[in-house]
Amino acid sequence: MSFKEGLMRLVVHKSKETNCVYDAGDSLTEIITSSRSPNRRWKLFHRSSSAIPSKPSKPQIPREFICPISGSLMADPVIVSSGHTFERVCVQVCKALNFTPNLVDSPPPDLTSVIPNLALKSTILNWCQNYSIAPPKPPDSVSAEKLVRTSMASGHGKVSVSENELLIRGVEETPKVSFNHAATELTRRPSHFHSSSDESVSPAALTPPLPFSTQPSCYSSPSSSCSEIEAPTSSNEEDDILAGLRCAHVSEIEEALTSLRKITRTREDARAHLCSPRLLSALRPLVVSRYANIQVNSVAVLVNLSLEKSNKIKIVRSGILPPLIDVLKAGTPEAQEHASGVVFSLALDDDCKTAIGVLGALPPLLHLLNSEGERTRHDSALALYHLTLVQSNRSKLVKIGSVPVLLRMVKSGHMTGRVLLTLCNLSSCADGRAAMLDSGGVECLVGVLRGNEFDSRSTQESCVATLYGLSRGGLRFKGLAKAAGAVEVLREVEKSGSERGREKARRMLEMMRGREKEEEEEVDWEELLDSGLGSRTRLQSGCGGSCVNSSEF
């Protein structure tokens, strides 16, 4: 019996199974048997190499990966206020041209604010990698402008103003020429200052006092030269101003901004009705204009508008904060002065504090504490103080490494009073206390108190209050304070300080001395600082004897 005949009999014996046998020619033979029929059925199939399926063609791009404006794969997708997603460059061009595109089966988008869509961007990159497609590159501004203008010409959208030439560019092009605007010069200074924390600070002798809780320093009451301006009727006022702001000629835009700045500075009643979504939308691109005079006056208008309490939340919700923060980072010195005043004014509203911190205002404000402009430094310091009244902003400020910077300013005597206000807020949170203890905050504050070179009693109170906040650090604070000689300094404050300062100094001294009932054994502070651990022993008298109870912590 040959091998082939034996194999056939084995297959017939297992009639209920289906088996595959390959001959020497690599042809596939499928043997199908059926238990219902006595007859055997044989079917032969031959599969050659040419039958192997070819690679799939180029995949179709998912619809959600395509920008509705450009019609191409998005490289930098962003989410606008209405929830739609577009290519960033296309949104910027639409906003510059005041164009709102029409979308299929969707309401018109709101391009007020822009948030990066990182999740979609990552998904697009993964999709390109899986299909071996080169990652998309964002279109240049010229190409994007052509696409948008084509849509405008075809009527696929709404143009709120006539087509203007793009006067707005990024703040990357820092203006080199500073224009004068004497017509809107602000000269008068306020004469007092107070804060909402009960820990007030008076400015130095050379520093003009400022009303920090109500107005930024770059604002002044109307002067006599501006009080005689005749304002147009309120019904046509906004339309006339908007027409000037949207004009194609730079000189007409400057004239409209100068007039608007005077009106909002001299007429309190005009601030409320002029702070409309239309006006704020027109001001938004002008804030980052490459023309210095336009940039300065548009930000100065925002200072005046922000003085009205009801306008503060409107300004934040209008989406004008991101370009304003760009001015804080890279604007002209005069524009930075006004921008810090706007942020300080908005920070007075509790509903705006968190949003200002989230949008990234804290790092540039910290940097502007070393600005050459006196008003810029003061408004930035006070803005940081009011923003750090919120816990989330305190944590953000600590994470960007602000504590060593602020402590160095205190040591150098640079804006000591105002910087101490922010440090006092930071000492009230665990992250801030830890950062200050790590950065030598106790030694720095004790040294300032020992020097007793304060411009006012309130500055001393702020220093004591900050040290009191650090005293919540427990044993670590005790060791650092004793090593810095804080006991003698606090005793002096307890004798000759203000009422609030004396009370805080007394509490810290009691805490550092400890109560005899709680601690009868001295602690080796040097060992405690080295190890971070300690032990205390309490002697307890019992019936007929004594026992020792040790607890580690």
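Hi everyone, let's start with K312, which sits in helix α10, residues 309-317; helices here are DSSP runs of H or I, at least four residues, numbered from the N terminus. This is a predicted model, where local features need pLDDT of at least 70, side-chain atom pairs count only at pLDDT 80 or more, and totals for chains, interfaces and linings use all residues. Residues are numbered from 1 along each chain as its sequence is written, and side-chain values use heavy atoms, leaving out hydrogens and water.

Next, the cores: buried Ala, Val, Leu, Ile, Met, Phe, Trp, Tyr and Cys residues joined through side-chain atoms within 4.5 Å. The largest has 93 residues, with L283 among those with the most contacts inside it. A second, separate core of 24 residues includes W127.

So what does W127 pair with edge-to-face? Its partner is F65, at 5.9 Å centre to centre and 75° between the planes. Rings of Phe, Tyr and Trp (its six-membered ring) pair if their centres lie within 6.5 Å; planes under 30 degrees apart are stacked, over 60 edge-to-face, the rest tilted. W127 and Y131 form a tilted pair, with centres 5.4 Å apart and planes at 45°. Together, F65, W127 and Y131 make one aromatic cluster.

Technical notes
Helix = DSSP H or I, 4+ residues; strand = E, 2+ residues; numbered from the N terminus. Buried < 20%, exposed > 50% of the residue type's maximum accessible area, 1.4 Å probe, protein only.
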